[in-house]
Every structure is written in C-alpha cells, then in structure tokens.
Amino acid sequence: MESKEPAIIIVMGVSGTGKSTLGQAIASALDVPFIDGDDLHPAENVAKMSAGTPLNDADREPWLAIIRKTGLENLAKGSVVLACSALRKCYRDILRGKSSSGESTGDTGPKTYFVFIKGSREVLLDRMSKRQGHFMKVTMLDSQLATLESPEGEPDVVVVPVEDSTEVQTEKAKQGLLELRK
C-alpha cells in the first residue's frame, strides 16, 4: 500500500474468521500498528459473551466508539490496522467516524477501509471448535451470522475468503487496498 495518506484499516468478520491473525499479518506487512478490538471490550461485554449472551446494539456502540478513538490515537506511522467484527452497516458507520445512522459527526479523521473475511458457517464452526481460551463461545456463531450485514458492495471494502491461507489473504488484502487507495 504505497499511499502516504493515513488510513484506518479494519479487519472484520464474524467470530472464528481469523481477524486477529490476518490483522497482525497485514499490520506487519505494512509496518504499522495492530490493535485487537477484542482487547478494548468493556468488562461487562466480556462477561456477557463469556456467559454465552450475545451483545446488543447498546453494548456494542460504546465499544465501537472506543475502537474508532483508539485507531485515531494510533496513527503515528500513518496508518493502523484493527480487528473488529463490525457486523452491521451501522457499526461500520461508527468505525468510519459517522453516527450509527450514517450521518456526519464532524469526525475529520482519515479514510476507513474494511477487509472482510468471508466464510461459510461450516468452516467457521470447525475453526471455532478448535480454538482454546477465547471468551466467544461456539454457540454464539449463529447469532453473529444472523446479525451480519455483508459489507460487500459498500465502498472501501476488500473481501478475502476465510479458506485462503493467511499469506494469501494478506496479499489479496494489500492488493485490494492498493486499488482502493489509487
């Protein structure tokens, strides 16, 4: 990604897609910071998810605002990569610096791009069942898939298949971002 313009890059998708792994790989390839949105959840959100209770919009909106603010605060190298589920368009709007209804908030931060890791329920279920020590329970996958509003067709979105290796996903993401930033 040769653009000198700062950018916030959000690696997104439902639980089990490998957002953290791909986010770290993209950040490393671009030599920019990586921040995992899971680390920014308030304790109440983690407790709910650990108990198998899906988050609602009221739980997510303050967390999304924290992610946006954290992204803006970490632009020292020009760009930053964050991992966040960003399941609904209104959530992505908050991450873009807009209100949840898509209206301007006066946020003059840099452009926000999304790398959407797309995959089938079967692949995701298999991946999640092999994961250890994560607060997101396998039983919550269906809730996330039901909440997901695909970002395909929205501006500034790159789609990579969950089945690809991290290396292939990283290359596809870099190429897609480069095309978007021309």
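Predicted model: local features only at pLDDT ≥ 70, side-chain atom pairs only at ≥ 80, totals over all residues.
Five strands make up an open sheet, in which the order is 2-3-1-4-5 and the pairing is parallel. Strand 2 (34-36) and strand 5 (157-161) stand at the edges with a single partner strand each, so one side of each has no neighbour in the sheet. On average, and with direction ignored, neighbouring strands of this sheet are turned by 20° against each other. As a general point, strands of a sheet pair through backbone hydrogen bonds, in either a parallel or an antiparallel way.

Within this arrangement, strand 1 (residues 7-12) and strand 3 (residues 79-83) run parallel and are joined by 5 bridges.

## Ile-10 in strand 1

Ile-10 belongs to strand 1 and stands opposite Leu-82 in strand 3. Is Ile-10 buried or exposed? Its relative accessibility is 1%, and because the cut-off for a buried residue is under 20%, Ile-10 counts as buried.

Leaving aside residues up to four places away in sequence, Ile-10 touches Leu-82, Cys-84, Leu-95, Thr-112, Tyr-113, Phe-114 and Val-115. Strand 4 spans residues 111-118, and the contacts of Ile-10 include Thr-112 and Val-115. Ser-99 lies 89 residues from Ile-10 along the chain, and the C-alpha atoms of the two are separated by 17 Å.

Helix 1 (residues 19-30) lies across strand 1, strand 2, strand 3, strand 4 and strand 5, and runs at about 150° to strand 1.

Helix 7 (residues 166-180) contains 15 residues, and the distance from its first C-alpha to its last is 21 Å, close to the 21 Å expected at 1.5 Å a residue. Its buried residues are Gln-169, Thr-170, Ala-173, Gly-176 and Leu-177. These residues cover an arc of only 135° around the axis, which means that they are on the same side of helix 7. In general, an α-helix has 3.6 residues a turn, so residues three or four places apart point the same way. The partners against which the buried residues of helix 7 pack are strand 1, helix 1, strand 4 and strand 5.

## Gln-144 and its polar neighbour

Gln-144 is part of helix 6 (residues 141-147), and with a relative accessibility of 6% Gln-144 counts as buried. A polar atom of the Gln-144 side chain lies 2.5 Å from the backbone nitrogen of Ser-15.

Definitions and conventions
Residues numbered from 1 in each chain as written. Heavy atoms only, no water. Pairing = 2+ DSSP bridges. Helix = DSSP H or I, 4+ residues; strand = E, 2+ residues; numbered from the N terminus. Axes fitted to C-alpha atoms, helices over the stretch in contact; angles between N-to-C directions. Contact = heavy atoms within 4.5 Å. Buried < 20%, exposed > 50% of the residue type's maximum accessible area, 1.4 Å probe, protein only. Polar contact = N/O pair within 3.5 Å; in protein donor to acceptor, adjacent residues only side chain to side chain. Expected span 1.5 Å × (residues − 1). Arc of directions from axis to C-beta.
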